[in-house]
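Here are my notes on the model below. Please read them with the coordinates open.

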Amino acid sequence: MRRTWVYFIVAAGCAVVLVLSAHSLPAAGSILLARDAFDPLISIIEPLAAADIVPISPYPLGGRIAGVNGLAFVFGTQARFMQEGKLLAEYTPLYSASIVIAVNREGNSAGAIDGWRSLLQSDAVVLIPDNGIESGRLAAIALARGLGGREGDLSLALQAYRELEKQGRLNPGSEYADPDHRNTYQPHRPALYDAVVMWDYQARALAAQDGHWDIVIPTEGTITVDCGYVAAGPAAVNADIQALREYLASPQGQSALLLEGFSPLAAGMDLAAWDE
């Protein structure tokens with residue numbers, strides 16, 4: 001069944017099997033937004049609806065997002081699952097996001113990485129997204145596709161992660177355990193790594209905070225998905241939330257997204273084969 005995922009996670013030198021399932025979420029007139037130090041979306045939303053924002057770990061957003069009463073900002077891959085599950089929710093895409101590699105100019109592989117294979121062949125110590133969240137799943141898909149894997153087969157990505165861990169070049173699971181940034185990157189931790197796999201908007205935010213980063217679009221290819229929000233429940237049309245929705249759909253809102261480093265909305269990729 002889709003979204004019941006078994007992930008291989010390399011954490012603290014051991015393999016952990018994690019089964020994802022539905023999680024309960026805040027339900028009372030809220031805007032659910034993943035707590036992410038490198039996601040500038042909150043700076044756009046906060047001035048209009050600060051009282052409604054509920055920053056949460058992105059881990060529950062990989063489930064069914066049951067009981068949403070307001071908005072939940074998600075990847076389109078999550079929203080389509082919700083719609084397939086016949087949840088009464090409306091999805092509005094706002095921008096596109098692509099998986100990239102941020103390469104530390106002060107690290108051991110500056111100028112040596114141009115894609116997935118060169119990343120693996122380098123000496124870089126690598127930070128990857130938590131495999132228990134949608135970003136981790138999508139990053140693994142990008143890696144598997146870039147290495148020539150069959151559609152729907154993550155084995156090449158999992159093998160690459162195992163090899164990195166064996167070489168002592170993969171981050172430990174403790175990177176995702178900080179209570180203020182659970183399941184995401186901590187603000188000052190990327191600087192400790194030679195390369196970081198992340199979304200393009202995150203990489204732009206990282207580069208803006210610390211100029212010692214090059215943003216690499218892998219030569220073997222990557223994945224691009226649409227991102228936006230799902231609206232459900234009576235609170236989705238309350239005054240503050242409705243004003244926010246109208247702003248995000250306006251030319252001014254779209255310009256604000258671009259200024260914050262988000263890519264214009266473009267056609268997404270068909271990733272259905274990876275959902276089984």
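**Notes on the fold and its contacts**

1. Start with Y201: this residue counts as buried, at 4% relative accessibility. Buried here means under 20% relative accessible area, exposed means over 50%, and partly exposed is in between (1.4 Å probe, protein chains only). Y95 is buried too, with a relative accessible area of 6%.

2. A word on the basis. This is a predicted model, in which local features need pLDDT of at least 70 and side-chain atom pairs count only at pLDDT 80 or more, while totals for chains, interfaces and linings use all residues. Residues are numbered from 1 along each chain as its sequence is written, and side-chain values use heavy atoms, with hydrogens and water left out.

3. Aromatic pairs. The whole structure contains 5 of them. Rings of Phe, Tyr and Trp (its six-membered ring) pair if their centres lie within 6.5 Å; planes under 30 degrees apart count as stacked, over 60 as edge-to-face and the rest as tilted. How are the rings of Y95 and Y201 arranged? Their centres are 6.1 Å apart and their planes stand at 85°, so the pair is edge-to-face. Y95 belongs to strand β6 and Y201 to helix α6 (residues 200–209), so the pair ties together parts that are 106 residues apart in sequence. Y95, Y201 and F262 form one aromatic cluster. Helices (H or I, at least four residues) and strands (E, at least two) are DSSP runs, numbered from the N terminus.

4. Strand β6. Of its 15 residues, 13 are buried, which leaves the strand mostly covered. Which strands pair with β6? Strand β10 (residues 224–232) is joined to β6 by 8 bridges and runs antiparallel. Strand β8 (residues 195–199) is joined by 5 bridges, again antiparallel. β9 pairs with β6 in the antiparallel sense over 4 bridges. The criterion is that DSSP finds at least two bridges between two strands.

5. P93 has G228 as its bridge partner in β10. V100 stands opposite M198 in β8. I101 has V216 as its bridge partner in β9.

6. Nonpolar cores. A core is a set of buried Ala, Val, Leu, Ile, Met, Phe, Trp, Tyr and Cys residues joined through side-chain atoms within 4.5 Å. The largest holds 68 residues, of which L41, F73, W116 and L119 touch the most other members. β6 gives the most to this core, with 8 residues. Apart from it lies another core of 10 residues, including I56, V68, A72 and V74. As background, nonpolar side chains tend to be buried together in soluble globular proteins.

7. Helix α1 (residues 41–49). Its buried residues are L41, I44, I45 and A49. Seen down the axis of α1, they fall within an arc of 95°, so they line one face of the helix. The arc is that of the directions from the helix axis to the C-beta atoms. The cover over these buried residues includes β3 (30–34), β4 (53–56), β5 (70–75), β6, α7 (239–249) and α8. Contact is taken as heavy atoms within 4.5 Å.

8. Salt bridges. The structure holds 9. Each is a side-chain nitrogen of Lys or Arg within 4 Å of a carboxyl oxygen of Asp or Glu. D275 and R137 meet in one of them, at 3.1 Å, N to O. This pair links distant parts of the chain, 138 residues apart: D275 is in the segment after α8 (251–259), R137 in helix α4 (residues 134–146). Buried or exposed? D275 counts as buried, at 9% relative accessibility, and R137 counts as buried at 0%. Salt bridges that share partners join E134, R137 and D275 into one network.

9. Two further salt bridges. D214 and R105 meet at 2.7 Å, N to O. They too link distant parts, 109 residues apart: D214 lies in strand β9 (residues 213–216), R105 in the loop between β6 (90–104) and α3 (116–121). D214 is partly exposed at 31%, as is R105 at 44% relative accessibility. D153 and R150 meet at 2.9 Å, N to O. R150 counts as exposed, at 61% relative accessibility.

10. A backbone point. N183 has a positive phi of about 70° although it is not a glycine. N183 sits in the loop between α5 (155–166) and β8. This residue is buried, with a relative accessible area of 12%.
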